[in-house]
Amino acid sequence: MKRLNYFMIALITGLFLVTSCNQQGNNSNGALSSSAAEKVYVAPGEHDDYYAFISGGFSGQLSVYGLPSGRLFKVIPVFSQDAEKAWGYNEETKPMLNTSHGFIPWDDSHHPDISQTNGEVDGRYVFINGNNTPRIAKIDLSVFETTEIIEIPNSAGNHSSAFVTENTEYVVAGTRFSVPVPQRDMSIKEYKGNFKGALSFISVDPEDGEMDLSFQVLMPGFDYDLSHPGRGASHGWFFFTTYNTEEASTLMEVNASQNDKDFIAAVNWKKAEEYIAQGKFKTIPANYAHNVYDEETHTATSTMKKEVRVLDPAECPGLVYFLPTPKSPHGCDVDPSGEYIVGNGKLSADLTVHSFTKMIDAIENQKFDGEAYGIPILKFEDVLAGTVNQPGLGPLHTEFDGKGNAYTTFFISSEVVKWKLGTWEVVDRKPTYYSVGHLMIPGGNSRKPFGEYVLAMNKITKDRYLPTGPEVTQSAQLYDISGEKMELLLDFPTVGEPHYAAGIAADLVKPRSKKIFNLTDNKHAYATTSDADVRVERDGKEVHIYMTMIRSHFNPDNIEGIKVGDKVYFHVTNLEQDYDVPHGVSIIGANTSELLIMPGQTETFVWEPKQVGVWPFYCTDFCSALHQEMQGYIRVSPADSNLDLTWSLGED
Ligand code: K7E
Ligand code: CUA
């Protein structure tokens, strides 16, 4: 199959899909058996064994589920505004969504990955990519909140991201689209040879976890689809799938499918560190936002960074090698030992597995088969570990159970296929409903997968759930993989489009989860940590209300002297110091969301009253038996009123 014509591609992507979706769910009756039900049953009040962090795709967020129950606990806002949590609406978190393109309230989040120590997931952070306006976010698992977002310059469609090295030295972000670097006004027709693909290495401070864009490797103008780190012997390397090595810029479905083989790019990041230390980098101008949320001020700041260090592989021998890999590979997955690198060629009949040992051997013996833009190309036969023959149609992603087995998803034939590392034989296959994308084994992207379950994330559900109009839910399916054969246990709906997920034993996260914020640590510029400090201050047309909340009142709850045309800042501090007692607040006519304030925290929203009157505000979170009494009034007078500011609580 040297050339795929238009018709064949339509056949593969269209027709087979229809066939798979016409399969009925009736051969999945394993899910109805009582043993399957028992395996996912978590009794009321009991906890799940695992956390699953599932990306929201076009929702831009990250959802937190329990496994095996499939129960949804939280949707963590990351790249998209979330009125429920005031994310991107309150004054404190707006800077988190700042970019070089201004305030961007949405993104497309695909690949969460959990921080690691010695190659094992450690439960400190989850990192996730924003594809559309390239960004990497860090979620702190002590609070389950996004605490840092860094924009990636010279990148577009930040897809081969956000994967971590085995001691979280780096979070790696590869561009999907190649673009002019630096960006400039030029003809699209001059793409070939001129556009570049930036692979970004973002360091993570071992102490405080702060991210910094350490350097970028400026690669040829291919598309960089997915990536995974080496581990064990291959620690120090990072592997990226490429497609469009044709460097086409139009009608990609045909033009980017011409080459019989694309590449997996093997990047030696330890070598990169040496080149950086030797000063063999160029510093080029850039413009990107670095946004940090401070837990003590409960406030985010956004800083614009102005330059980035880049390495040119043509000038850095030993930095990058190309491993030929058939037919537009998508997933790029490394097994727990670090020896095998699996390339899932979307249009290939077979799965290709490369050997790290053979790769090093070929490099040492200089067995090259030409070069591309100064990057040596290794011989396919020299690096091939083995091939899984005709395992299914449309392979996308592979995970590992730590017991010598790999599990690959097949989008077109709608199945998960289990095969053995080393012998490459297929040992089991189970259908998915339908058209599976990624799959996830908790710890599957580490040296020590937990190996008990695999979660398949499906693109299409059709008849699997009650219909909800033209838009139906997407879905995850949980399989027991503790035995020789996989067993389908559970379907559960997801938020947005689940691309990838990351999972971890609950015991590694639970003990670190915070219950409250200490009021004594609250360093918010407008905090009101005692009722003695409650006040309202006018500064021209700006009014600042320093307000507290505790069961079951606001202080103050009566305010007069506000005028039409004022800009009123509500700085509200929740004085509670008990677990699970948030309060909310909003006022009629506010052009923003409510605030939902955790114990010990301060948040701010702005209200610009437009009408004269006496307007109520109230608590939006049912907090006590007297929650409905938790309310107050603000008197708004005409713009030319001379009424002085007054405020009170408990005065009639
Ligand atoms: Cu295959 Cu964005 Cu990882 Cu979706 S990607 S499936
Ligand atoms: Cu406070 Cu309801």
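Entry one, cysteines. In this predicted model, I looked up Cys623 and found a relative accessible area of 15%, so Cys623 counts as buried, the limit being under 20%. I then turned to Cys619, which is also buried, with a relative accessible area of 1%. I reminded myself that a disulfide is a covalent bond between the sulfur atoms of two cysteines, and I searched the whole structure for such bonds, which gave zero disulfides.

Entry two, the chain as a whole. I noted six helices and 45 strands in the chain. The radius of gyration is 27 Å, close to the 26 Å that the globule rule gives for 652 residues, so the chain is as compact as a globular protein of that length. Along the principal axes, the C-alpha atoms fill a box of roughly 85 × 65 × 45 Å. I also wrote down that buried residues make up 59% of the 652 residues. When I took the contacts between residues at least 6 apart in sequence, I found that 63% of them join residues at least 24 apart.

I recorded 53 positive and 86 negative side chains, with 6 Å between the centres of the two sets.

Where is the place of Phe517? I found Phe517 in the loop between strand E34 (501-505) and strand E35 (535-539). Leaving aside neighbours within four places in sequence, I listed the residues in contact with Phe517, among them Val143, Glu295, His298 and Met598. From Phe517 to Ile460 there are 57 residues in sequence, and their C-alpha atoms are 41 Å apart in space.

I located Thr387 in strand E25, residues 384-388. Is Thr387 buried or partly exposed? With a relative accessible area of 25%, Thr387 is partly exposed, because the value falls between the 20% and 50% limits. Not counting residues up to four places away in sequence, Thr387 touches Asp350, Leu351 and Trp424. I finished with Glu425, which is 38 residues from Thr387 along the chain, while 9.0 Å separates the C-alpha atoms of the two.

Conventions. Residues are numbered from 1 along each chain as its sequence is written. Chains are lettered from A and ligands numbered from 1 in the order in which they are written. This is a predicted model: local features need pLDDT of at least 70, side-chain atom pairs count only at pLDDT 80 or more; totals for chains, interfaces and linings use all residues. Side-chain values use heavy atoms; hydrogens and water are left out. A disulfide is a pair of cysteine sulfur atoms within 2.5 Å. Buried means under 20% relative accessible area, exposed over 50%, partly exposed in between (1.4 Å probe, protein chains only). Helices (H or I, at least four residues) and strands (E, at least two) are DSSP runs, numbered from the N terminus. The radius of gyration is taken over C-alpha atoms; the globule rule is 2.2 Å times the number of residues to the power 0.38. Contact means heavy atoms within 4.5 Å. Lys and Arg count as positive and Asp and Glu as negative; His and the chain ends are not counted. The place of a charge is taken as NZ of Lys, CZ of Arg, CG of Asp or CD of Glu.
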